[in-house]
Amino acid sequence: MDRTIDLDQAAAAITERFPYWETMGLKARPLTWRDETARWPRPLLTERAAVHDPDSVGLVLTGPNETELHVVLFRGGWADIDYCADFDGGDFGSLPTPHFTSVADFPGHLDRCVRRVWPSAV
């Protein structure tokens with residue numbers, strides 16, 4: 001897999017947002033990492049040091065009323081982003097995500113996704 005995105009830099013951009021999200025009443029679960037060299041099925045690990053060759057970093061962000069945002073960023077430059085803002089009301093699904101050519105493009109997109117699920121987020 002191409003190494004377009006430095007996942008450690010992306011993880012730093014994600015974790016620097018944790019304190020702000022906490023003030024909004026959101027809770028970030030520990031980041032998850034997947035190792036390209038692990039045997040299939042590749043487990044998700046929360047300890048970065050346990051991952052030799054990371055191919056993805058994941059985030060689950062939860063909020064009031066069972067709202068959730070699930071993000072998996074792959075080192076190849078794509079991301080899978082799913083959300084549930086109102087399961088009973090049908091507001092759930094996947095969010096469109098561009099192909100990232102650098103880690104610098106990712107934080108702004110992540111912020112837009114957070115605002116989509118929690119509109120009061122700045």
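T62 lies in strand 4 of this predicted model. Helices (H or I, at least four residues) and strands (E, at least two) are DSSP runs, numbered from the N terminus. At 16% relative accessibility, T62 counts as buried. The classes are buried (under 20% relative accessible area), exposed (over 50%) and partly exposed (in between), with a 1.4 Å probe and protein chains only. Contact means heavy atoms within 4.5 Å. Neighbours within four places in sequence aside, T62 is in contact with G25, L26, K27, R29, T67, E68 and W118.

Residues are numbered from 1 along each chain as its sequence is written. Local features need pLDDT of at least 70 and side-chain atom pairs count only at pLDDT 80 or more, whereas totals for chains, interfaces and linings use all residues; side-chain values use heavy atoms, with hydrogens and water left out.

H52 lies in the loop between strand 3 (44–45) and strand 4. H52 is exposed, at a relative accessible area of 67%. Residues up to four places away in sequence not counted, H52 touches D35 and T37. The C-alpha atoms of H52 and S94 are separated by 29 Å, and the two residues are 42 residues apart along the chain.

Helix 1 spans residues 7–15, and its buried residues are L7, A10, A11, A13 and I14. Seen down the helix axis, these residues fall within an arc of 160°, so they line one face of helix 1. The arc is that of the directions from the helix axis to the C-beta atoms. The buried residues of helix 1 pack against helix 2, strand 2 (32–35), strand 4 (54–62), strand 5 (68–74) and helix 3 (106–117). At the N-terminal end, D6 caps helix 1. A side-chain oxygen of D6 lies 2.9 Å from the backbone nitrogen of D8. A polar contact is a pair of N or O atoms within 3.5 Å; within protein, one must be able to donate a hydrogen and the other to accept it, and residues adjacent in sequence count only if both atoms are side-chain atoms.

The largest nonpolar core holds 30 residues. Such a core is a set of buried Ala, Val, Leu, Ile, Met, Phe, Trp, Tyr and Cys residues joined through side-chain atoms within 4.5 Å. W21, L69, L73 and L110 touch the most other members. Helix 1, strand 4, strand 5, strand 6 (79–86) and helix 3 each give two or more residues to this core. The largest share, five residues, comes from helix 3. Neighbours within four places in sequence aside, W21 is in contact with I14, L26, A28, L59, L61, L110 and V114.

Rings of Phe, Tyr and Trp (its six-membered ring) pair if their centres lie within 6.5 Å; planes under 30 degrees apart count as stacked, over 60 as edge-to-face and the rest as tilted. The count comes to three aromatic pairs. One of them, F18 and W21, is tilted, at 6.0 Å centre to centre and 40° between the planes. F18 and W21 are three residues apart in helix 2 (residues 18–23), so about one helical turn separates them. F18 is partly exposed, at 24% relative accessible area, whereas W21 is buried, at 2%. The ring centres of F74 and W78 lie 5.2 Å apart with planes at 20°, so this pair is stacked. F74 counts as buried, at 10% relative accessibility. W78 is partly exposed, at 36%.

A charge also sits over a ring. R48 lies over the face of W33, at 5.2 Å from the ring centre. The rule requires NZ of Lys or CZ of Arg within 6 Å of the ring centre and within 35 degrees of the ring normal.
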